[in-house]
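Me: I'm new to this one. Can you walk me through it?

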Amino acid sequence: MKKIAITWMVLGACSVSVCAQTLIPIPSMLEGTTFDLMAQSGTTQIFPGIETQTKGYNGAMLAPTLILEKGQTVTLNVHNQLGDTTTTHWHGLHLSPVNDGSPHTPIMDGETWSPTFEVKDNAATYWYHPHLHGKTLGQVVKGMAGFIIVRDAEEAALALPRTYGLDDVPLVFQWKTFDAAKQIVEMDEEDNEVLVNGVLRGGTLNLPAQVVRLRLLNGSSHRYFNFGFSNSLSFKQIASDGGLLDMPVSMTKLVLAPGERAEILIDLTGKEGQTLILRQFGTQLPQGYPGGAMMMGGGMMGDLDDTDFDLMKINISTPTDGGLTSIPSILTMNTPYPQSGAASRTFGLTAQPMMSMTNFFINGLKFDMETINFEVELGKTEVWTLTNSTMMAHPFHVHGLSFYVLSVNGVAPPANLKGRKDVVTVPPMQGQVKILVRFDDFADEEMPYMYHCHILSHEDTGMMGQFLVTSPASATDEPAQNDPCPICINALPMPSGVDLSKVIRAEIFDLAGRLVRVHEKGSLGGPTLDVSGLPVGTYLMQLSDNTGKIVAVQRFYKK
Ligand code: C2O
Ligand code: CU
Ligand code: CU
């Protein structure tokens, strides 16, 4: 008691500008079944005495934590007072596409969007953020991001810390770029600072000397974290994006991609009065992971890339009454869907030109609001193979479900990636990840779910696609459109307005994104690009010129 009182006196005596210790704030918490969120702009003192333009929900920056109970029906009223259009996406929640807050659900300035849905998710740490196509990066880096904590009966039965803000603490880590005037730059190439719950790195968190739970979110636009303690203290990861792991996984380093979450337990029992330093170990990130060293020294290096530095200090204080002193050995049993009969689908992550660090595609395409990239049947299991032919790692995210990681570069994933996930890193240079997906409960013939890279500049510039989940009863075999070819050369439909003399490569993809035909320079005007062997259906043809630039993408129907 005495110790706490003294601590508060010391803190009370120093204003932000003269005190070296900034306390890391804990986001406020909203509970119940109806939530009101105000998307708003404002200013925040991130640097002492300087007002930085920021955006947030129910405040000038960041957002309250929403506490949801599995099985309850909730209504989330999002009031938009930004002076700009936005959307609010509930990242990781399993809900119907109309409630998902994708780019197809814009909230105009001054309007309110009120999705109502049943919480079907397992207890875990999710989050919410804007998702307006082309503006996601700008709105998120200004501060629009909040936690969603889902609770359920299974997790509640375990002896785990769950007193919000005391022994169960949400922490959002965000790389950000500030200009000379300490304003946030809406372009994330440099990332010259890191904020923890909105305050500059180096802040202090007080935690009791017992088992504590940290809910870590990488809410950055671009870069990875490789968390660890300066004294190499080991900690245990108990949950990944979408729920508990089978058992706690011991580790001393934890890599977290943009959009990814992890819940960790740290045993601080008996450590009262000591301090701990949480650090970024950028030098130990795998090569090609943003924040670490890039391939062949290329890419957009920031001053903090490939370096190690302190993120925050933990002051260990008096334990609370009933504080936990041990960690359960078993948490849950994850049961991935059976793989037998699973359909397969492939996703190629590519760059144009191949060495580019900014111009990325999925299956050769940029996102188009009007194009549905494929359809998945409701309740049907699929194995998705993600192959990364670029020079950097991309965190791949899918809406509407949690998936299971089957393999990373051909081998079973590490234990902490074996639980439910919604973001997975596809390693660079032909890295390959296989995931097991199944879309249950919500078929929608019109409103798609999104999949994309969670590096927000990549997403905003089109490293995203969308798909429909259709129920077998209503699924149509025939594609809706049956466009006649505008121009046909050698039975190939050619888009108009393209200088064919500059085209050196044609690639044809089916609607599942599979590359089914490639045609190289020299043969365009010569031997026919034979599409006769292809099944009837809709295809996309992509034409590139001799600089590697895509000059046209043409949809055609093969009869
Ligand atoms: Cu967190 Cu589609 O996003
Ligand atoms: Cu999402
Ligand atoms: Cu990417």
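Me: Is His397 buried or exposed?
Reply: His397 counts as buried, because its relative accessibility is 1%. Buried means under 20% relative accessible area, exposed over 50%, and partly exposed in between, with a 1.4 Å probe and protein chains only. This is a predicted model, where local features need pLDDT of at least 70, side-chain atom pairs count only at pLDDT 80 or more, and totals for chains, interfaces and linings use all residues. Residues are numbered from 1 along each chain as its sequence is written, chains are lettered from A and ligands numbered from 1 in the order in which they are written, and side-chain values use heavy atoms, leaving out hydrogens and water.

Me: What coordinates the copper ion (ligand 2)?
Reply: His89 (NE2) and His397 (NE2) do, at 1.9 Å. Donors are N, O and S atoms within 2.8 Å of the metal (3.2 Å for Na, K and Ca); water is not among the atoms, so sites may look incomplete. The pair links distant parts of the chain, 308 residues apart: His89 is in strand 6 (residues 89–91) and His397 in strand 27. Strands (E, at least two residues) and helices (H or I, at least four) are DSSP runs, numbered from the N terminus. His89 also counts as buried, at 1% relative accessibility.

Me: Different topic. Which residues touch the most other members of the largest nonpolar core?
Reply: Among them are Phe173, Phe227 and Met312, in a core of 36 residues. A nonpolar core is a set of buried Ala, Val, Leu, Ile, Met, Phe, Trp, Tyr and Cys residues joined through side-chain atoms within 4.5 Å. Strand 22 (residues 308–317) gives the most to this core, with 5 residues. A second, separate core has 34 residues, including Val398 and Tyr451.

Me: Why is strand 35 largely enclosed?
Reply: Because 6 of the 8 residues of strand 35 (residues 503–510) are buried. Strand 35 runs antiparallel to strand 36 (residues 515–520), and 5 bridges join them. Strands pair if DSSP finds at least two bridges between them.

Me: What is the mean pLDDT of the protein chain?
Reply: The mean is 89, and 88% of the residues reach 70 or more. pLDDT is the predictor's confidence in each residue, from 0 to 100. Over residues 1–18 the pLDDT is below 50.

Terms used. Contact = heavy atoms within 4.5 Å.
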